[in-house]
Amino acid sequence: ITILPITVLGADQATDIQSYVQTGLQDATFIAETVSGNQQELKKINKDFGMSYKFGSSRFYFKEPFKVRIESKVEDTNVVYVINGTDQVFKLGGGHFKVDLAKSPGKRQTLLDIGMVTPSLFRSLLEAKFVRFEAQAGCVVFDLTYIQSDIDKSRYRVWIDRMKKYVVKREWFSQAGKQIATFNYTLPQQIGGIWFPSHLEVLNSDNIVAGITNYASIKLNVGQDDSLFDVK
């Protein structure tokens, strides 16, 4: 009897990141509600990380590829943050501040930050290397590095639910290789056939919970207008 080697893995045993991206997700909007934010512990992640936890809530808009808009309010002042490709704009009251992120890939906020992976991430921003399967957790693990690694050597290790295709856990490592933070994404909701996490817990390098956020009023694939992401 000749036993042939198994050369083809099942869809849930693939080692290519493209088997686990959310191809059907075109846009998303939700309200990020701060449940808790320990500024002392958040500062251990980096000096600016705790800023977003000072807002009671913020409205997020994402659109493929690489479009982000965040609206918040500080007392009576409106704050708007927009990323469109490599252009970043802050609008604070009457102020308008524009930054080019072409040489700062690590500062480009994407759907990965909220626990989702989409095809565009791996076309021009990130490279993925298979690490292992974790059968008990139902996850596949990848290391993600920037294509522009000569500019930014920071990286992520992500655990992706193989069936629901959302990020369960993300570890963030500095350019020096030190672990900065861990992000746990839980309570996924199925919306239009897409699983989307609705709870985020952030731990610092001391493994202390520094911040907790809920995602509410989640809407997917509503057809957002490109004018929302105007950086002029």
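This is a predicted model: local features need pLDDT of at least 70, side-chain atom pairs count only at pLDDT 80 or more; totals for chains, interfaces and linings use all residues.
1. Let's begin with the largest pocket, which holds about 1,600 Å³ of space. It is lined by 49 residues, and those closest to its centre are Asp-48, Phe-49, Ser-52, Tyr-81 and Gln-109.

2. **What the pocket lining is made of.** Sorted by class, the lining of the largest pocket has 28 nonpolar residues, 14 polar ones and 7 charged ones. Strand 5, residues 87-92, gives the largest share of that lining, with 4 residues.

3. **The cavity.** There is 1 cavity of 30 Å³ or more in the structure, and the volume of the largest cavity is about 60 Å³. Among the residues lining this cavity are Phe-62, Lys-63, Glu-64, Phe-66, Lys-67 and Val-68, together with Gln-109, Thr-110 and Leu-111. Two elements, strand 2 (57-63) and strand 3 (67-74), each give two or more residues to the lining. By class, the cavity lining has 5 nonpolar, 4 polar and 3 charged residues.

4. Asp-48 counts as partly exposed because its relative accessibility is 47%, whereas Lys-47, at 69%, is exposed.

5. **A bridge between two strands.** Asp-143 and Arg-157 form a salt bridge whose closest N and O atoms are 2.7 Å apart. Asp-143 belongs to strand 8 (residues 139-146) and Arg-157 to strand 9 (residues 155-161), so the pair, 14 residues apart, links distant parts of the chain. On accessibility, Asp-143 is buried at 15%, while Arg-157 is partly exposed at 21%; the two fall into separate classes because buried means under 20%.

6. In the salt bridge of Asp-206 with Lys-44, the closest N and O atoms are 3.2 Å apart. Here 162 residues separate the partners: Asp-206 lies in the loop between strand 14 (199-204) and strand 15 (209-220), and Lys-44 in the loop between helix 1 (39-42) and strand 2. Asp-206 is partly exposed, with 45% relative accessible area, and Lys-44 is partly exposed too, with 38%.

7. Finally, Glu-41 joins Lys-44 and Asp-206 in one network, built from salt bridges that share partners.

Key: Residues are numbered from 1 along each chain as its sequence is written. Side-chain values use heavy atoms; hydrogens and water are left out. On a 1 Å grid over the protein atoms alone, a cavity is a set of points where a 1.4 Å probe fits but cannot get out, and a pocket is an open set with protein on both sides within 12 Å along at least five of seven lines; lining residues have an atom within 4 Å of a point. Grid points are joined across faces, edges and corners, and a volume is the space filled by probe spheres set on the points. Ala, Val, Leu, Ile, Met, Phe, Trp, Tyr, Cys and Pro count as nonpolar, Asp, Glu, Lys and Arg as charged, and the others, Gly among them, as polar. A salt bridge is a side-chain nitrogen of Lys or Arg within 4 Å of a carboxyl oxygen of Asp or Glu. Buried means under 20% relative accessible area, exposed over 50%, partly exposed in between (1.4 Å probe, protein chains only).
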